[in-house]
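Colleague: I have a model open and want to learn how to read it. Can we go through it feature by feature?

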Amino acid sequence: MAQGVWTIAEQRDGEIRKITYEIVSEGRRLADALGQPLTVVLLGKGIKDKAAALGQYGADRVLVADDPRLETYTTDAYTAVIAQLAKAEDPAILLMGASVQGKDLASRLAARLDAAVAQDCTAFAVEGGNLVAIRPIYAGKAYAHVTYEESWPQMATARPNVMSVNEPDASKTAEVLDAQFQLDDGELKTKVAEVIKDASGKVDLTEADKIVSGGRGMKGPENYGILEELAQVIGASVGASRSAVDAGWRPHADQVGQTGKVVSPNLYIACGISGAIQHLAGMGTSKVIVAINKDADAPIFQKADYGVVGDLFDVVPALTEEIKKIL
Ligand code: FAD
């Protein structure tokens, strides 16, 4: 019978990513609810020294797959290794982040394991010893409670920045084990030749803790400087509505929404954005939403925790100055 909760860690350049701590913490809560152990699978090259610390967040065991071919994520290598490990141990639940990597890996892995996967979940529960994965549908207007029929592992991905991270407990350690796997070069159809990093050094929107976003109310690309300045002062990334992207003011990578990125920062400041349902679908789970709009009836105010009715060209620079004084 399938047993245990597994979470797949995410690392980049040998550093554990924040989403890993979120899913390990959530995995701990599910493992406690089931009375089963929590295993974290960590893949990479020379990353074993990072494994023990995952115990502080709740891992009972860390399976480390160390191989130069796992240094950088590729779908086929990661799928091959995790599928082998999962087939050997038969976990009941398998979780990963709904990051670009996690979503890609989850679908391929689910096919390989003949399992069902619920993507981009915002909450989980355990009922009758089984996972219930809760995910937004209809652009966030409703939540589906997904259950699994006679299919293991019960797989899901968790939206970044939604699950709370356990306070690390330095007295807790995980058992660190070398994973036993075989990786044939013939199986690997892709090879990472080079990694070209975003020269701006900007934090990807899906992982940003704070986002300042601008819409059609920005009036032109030349005006984004005031958002960049506010973002720099508070340590945020800059996003945009689709109107701003379609107008060519911002790159598509900055688009938040149904056909852009789904983000869930602790703070989302929407400037000159009306709050169309397709935009809300991408940022509605943000912890604190601030809206700056000159139209008091703009729908964004119904979703916002704090609203400023005013001209953003007055409000944003004044806000930046005030925050600078405080900081
Ligand atoms: P508008 O709706 O034009 O709003 C501009 C706002 O700026 C207004 O509320 C106005 O009052 C305010 N404003 C103007 N000047 C000022 C000023 N000086 N100071 C303060 N406020 C000012 N949209 C997305 O954002 N993301 C998506 O992923 C997305 N996907 C879509 C998918 C589909 C299939 C469809 C049909 C649409 C999608 N859209 C998406 C588009 C969406 O419906 C809206 O058209 C879009 O979000 C509107 O962008 P906006 O709020 O910037 O512009």
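Modeller: Start with contact, which means heavy atoms within 4.5 Å. Keep in mind that this is a predicted model.

Colleague: Which residues does Ala80 touch, not counting residues up to four places away in sequence?

Modeller: Ala80 touches Arg112, Leu183 and Glu187. Ala80 itself lies in helix 2, residues 75-89.

Colleague: Is Ala80 buried or exposed?

Modeller: Buried means under 20% relative accessible area. Ala80 has 3%, so it is buried. For a sense of distance, take Ile211, 131 residues along the chain from Ala80. The C-alpha atoms of the two are separated by 36 Å.

Colleague: Now strand 1. What is the relative accessibility of Thr7?

Modeller: Thr7 sits in strand 1, residues 5-8. Its relative accessibility is 0%, so Thr7 counts as buried. Leaving aside neighbours within four places in sequence, its contacts include Ile23, Val24, Gly27 and Leu95. Leu38, Thr39, Val40 and Val41 are also among them.

Colleague: How do I read a nonpolar core?

Modeller: In soluble globular proteins, nonpolar side chains tend to be buried together. Here the largest nonpolar core has 32 residues.

Colleague: Which members touch the most other members of that core?

Modeller: Val62, Phe124 and Ala156. Elements giving two or more residues to this core include strand 5 (61-66), strand 9 (130-137) and strand 11 (154-158). Helix 1 gives the largest share, five residues.

Colleague: What is Ala156 in contact with, leaving aside its neighbours within four places in sequence?

Modeller: Among its contacts are Leu94, Leu95, Met96, Cys121 and Phe124. Leu131, Ala133 and Tyr148 are on the list too. There is also a second, separate core of 29 residues, which includes Ala65, Tyr73, Ala83 and Leu109.

Colleague: You mentioned a cysteine. How many disulfides does a search of the whole structure find?

Modeller: The test is a pair of cysteine sulfur atoms within 2.5 Å. The search finds zero disulfides. Cys121 counts as buried because its relative accessibility is 0%. Cys271 is buried too, at 0%.

Colleague: Last, the largest pocket. How much space lies in it?

Modeller: About 980 Å³. It is lined by 28 residues, and Arg12, Arg17, Val195, Lys197 and Asp204 are the closest to its centre. Strand 2 (11-12) and helix 3 (100-113) are the elements that give two or more residues to the lining.

Colleague: What is the make-up of that lining by class?

Modeller: The lining has 13 charged, eight nonpolar and seven polar residues.

Key:
Residues numbered from 1 in each chain as written. Predicted model: local features only at pLDDT ≥ 70, side-chain atom pairs only at ≥ 80, totals over all residues. Heavy atoms only, no water. Buried < 20%, exposed > 50% of the residue type's maximum accessible area, 1.4 Å probe, protein only. Core = buried A, V, L, I, M, F, W, Y, C linked by side-chain atoms within 4.5 Å. Helix = DSSP H or I, 4+ residues; strand = E, 2+ residues; numbered from the N terminus. 1 Å grid on protein atoms, 1.4 Å probe; cavity = no way out; pocket = protein on both sides within 12 Å on 5 of 7 lines; lining within 4 Å. Points joined across faces, edges and corners; volume = space filled by probe spheres on them. Nonpolar A, V, L, I, M, F, W, Y, C, P; charged D, E, K, R; others polar.
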